[in-house]
Amino acid sequence: MEGYQKYKRQYYMPPTDCMDWTKKEYIEKAPTWCSVDLRDGNQALIVPMSLDEKLDFFELLLEIGFKEIEIGFPAASQTEFEFLRKLIDENRIPEDVTIQVLTQAREHIIRRTFEAVKGAKNAVIHLYNSTSYAQREQVFKKSKEEVLKIAVEGAKLLKQLTEEDGGNYRFEYSPESFTGTEVDYALEVCNAVLDVWQPTADNKVIINLPVTVEMSMPHVYASQIEYMCKHMNYRENVVVSLHPHNDRGCGVADTEMGILAGADRIEGTLFGNGERTGNVDIVTLAMNMYAMGVDPELDFSNMPHIVEVYEACTRMKVGMRQPYAGQLVFAAFSGSHQDAIAKGMHYRDAKDPQHWTVPYLPIDPRDVGRVYETDVIRINSQSGKGGVGYMLEEYYGYELPNDMREEVGYFMKNVSDHEHKELLPNEINDLFQKEYMNVNAPYALNDYHFIRENDKVTCTMNITYEGMNRYITGVGNGRLDAASNALRDNMNLTFDILDYKEHALSKGSTSKAVSYVKIIDCRQKNQWGVGLHEDIIASSVKALFAAINRAVIQKRATQQQN
């Protein structure tokens, strides 16, 4: 691909090695989460959310458990100004929730922001200005000293207006385009702002280090964060925050490594929405922690509801492969995967282990409101015996013999392949019953009666064949043997029973017995039949008839083809 020569690395490594974060294995506790879903400019939606949609989204964020929510950029948008005032004036903000508003380090914007936030019980005023080499050179045409002065003057005005207003405001500062800023210079600017604000243990401030544009591999960002954390003034009274974007597709990795490097707080969005390639996805971050046994301190237990509200308010779509939330993320179509999942679930039922270790499922889908019937084992032409067998057993209670599982699996695969579609659980059940169970012709069983004398059983059956009603009798060692002999002796049928299994059906509103009969017919072909009835004897006879009828039907079909 031509043209790569015009690009170069635009990030800056820390002036000293900062690799202590590599010694940590995993994130031990959840950071402070701040949702930035509601700021129009950050969302960059084709159709910005209306006031009502913003209110619905705000309520969703409260349900999930966010305690810090960026409401918007009130000085830049009348809708965001009105939204903020509505939340404050109508007392819609819970006592334990802090709202956040964004402002550039420009006097008239800062003053307008203070008008918007007046009366808020708990608020963060988020001040920013860009510090990157490219923006200093091309956009602002200012020196390092001049850009630093912009940050300091903005910090002073925030402090002054807060004292005048008497509000309960916390401060946040972001050197925008941190990833394109010389790290030692970014530190200099942040420390200058901190010297103005003089944070204390009772009045901490937030220093936010954004991946405004992702420019490096995640380990570089982690090293930058570690350097800032090690050299920042008042570190014990500073909440180090990250706001990663996803230009290189590494937003989650940037954030996780940044937390290992010392970050305390994360700004992001649900499902990674946001300008360009989006912000870091807080859902994925939180669920990654959850899957490692760490409480994320956010509630995503009803993921389908969250997706529904998100899509309705933003008019964006959650991808089918979106981690933890996409429609297909727990779905297994592959036969080997289905077999492993089915065996893993049986292991859980039998052993009841403390921890979740089911193959191919990093978390229990039920933990995020998903259901096994439609979300896990999915049947199409790629599926195998394990998936079909598991579905019939798990949802309908059929415990197919092992070699019948294989036959039924191939049967369903062929149907899916021929019709070029996925088979849903109810379709699989209907096909199973039609093919193996409700096969009542050409031999139809109307009634039967057994008499046991000594060690022999006599079976008398009333059957219909080719429109004619007949009574036939047979004698055998047991009921099924007697019924088989009646058919052999009177109907000129040649077959032997190879396998038989029965059990109580565990699923459904009524308890029924199900029987499976395998015969070998006159062509030396194996045939399975299934019978279902309240009475176990009736189910076994019905299974025998189903197997014989299937054999006759297939024999006639072969003869017609020839």
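How do helix 15 and helix 16 stand to each other, roughly parallel or roughly perpendicular?

Author: This is a predicted model, in which local features need pLDDT of at least 70 and side-chain atom pairs count only at pLDDT 80 or more, while totals for chains, interfaces and linings use all residues. Residues are numbered from 1 along each chain as its sequence is written, and side-chain values use heavy atoms, with hydrogens and water left out.

Helix 15 (residues 402–419) and helix 16 (residues 425–437) pack at an angle of about 115°, with their axes 11 Å apart, and they are therefore roughly perpendicular to each other. That wording covers 65 to 115 degrees, whereas under 35 is roughly parallel, over 145 roughly antiparallel and the rest oblique. Axes are lines fitted to C-alpha atoms, for helices over the stretch in contact, with angles from 0 to 180 degrees between N-to-C directions. Helices (H or I, at least four residues) and strands (E, at least two) are DSSP runs numbered from the N terminus.

On the side of helix 15, the contact (heavy atoms within 4.5 Å) is made by Met404, Glu407, Val408, Phe411, Met412 and Val415, and on the side of helix 16 by Ile428, Leu431, Phe432, Glu435 and Tyr436. By class, this contact has 9 nonpolar, no polar and 2 charged residues, where Ala, Val, Leu, Ile, Met, Phe, Trp, Tyr, Cys and Pro count as nonpolar, Asp, Glu, Lys and Arg as charged, and the others, Gly among them, as polar.

Another helix pair can be read in the same terms. The axes of helix 4 (residues 107–117) and helix 6 (residues 144–165) come within 11 Å and cross at roughly 30°, and these two helices are therefore roughly parallel to each other. Glu107, Ile110, Arg111 and Phe114 in helix 4 meet residues of helix 6 that include Gly154, Leu157 and Leu158, and the residues of this contact divide into 5 nonpolar, 3 polar and 2 charged.

An open sheet of 3 strands has the order 12-13-14 with antiparallel pairing, two strands being paired if DSSP finds at least two bridges between them. Strand 12 (495–504) and strand 14 (526–533) stand at the edges, each with a single partner strand, so one side of each is left without a neighbour in the sheet. Strand 13 (residues 513–521) and strand 14 are joined by 8 bridges, and alanine 513 stands opposite histidine 533 in strand 14. Helix 17 (residues 479–491) lies across strand 12 and strand 13, running at about 140° to strand 12, while helix 18 (residues 536–561) lies across strand 12, strand 13 and strand 14, at about 145° to strand 14.

Elsewhere, 8 strands with parallel pairing form a closed barrel that runs 1-2-3-4-5-6-7-8, and its neighbouring strands are turned by 25° against each other on average, direction ignored. Helix 9 (residues 251–260) lies across strand 6, strand 7 and strand 8, running at about 165° to strand 7.
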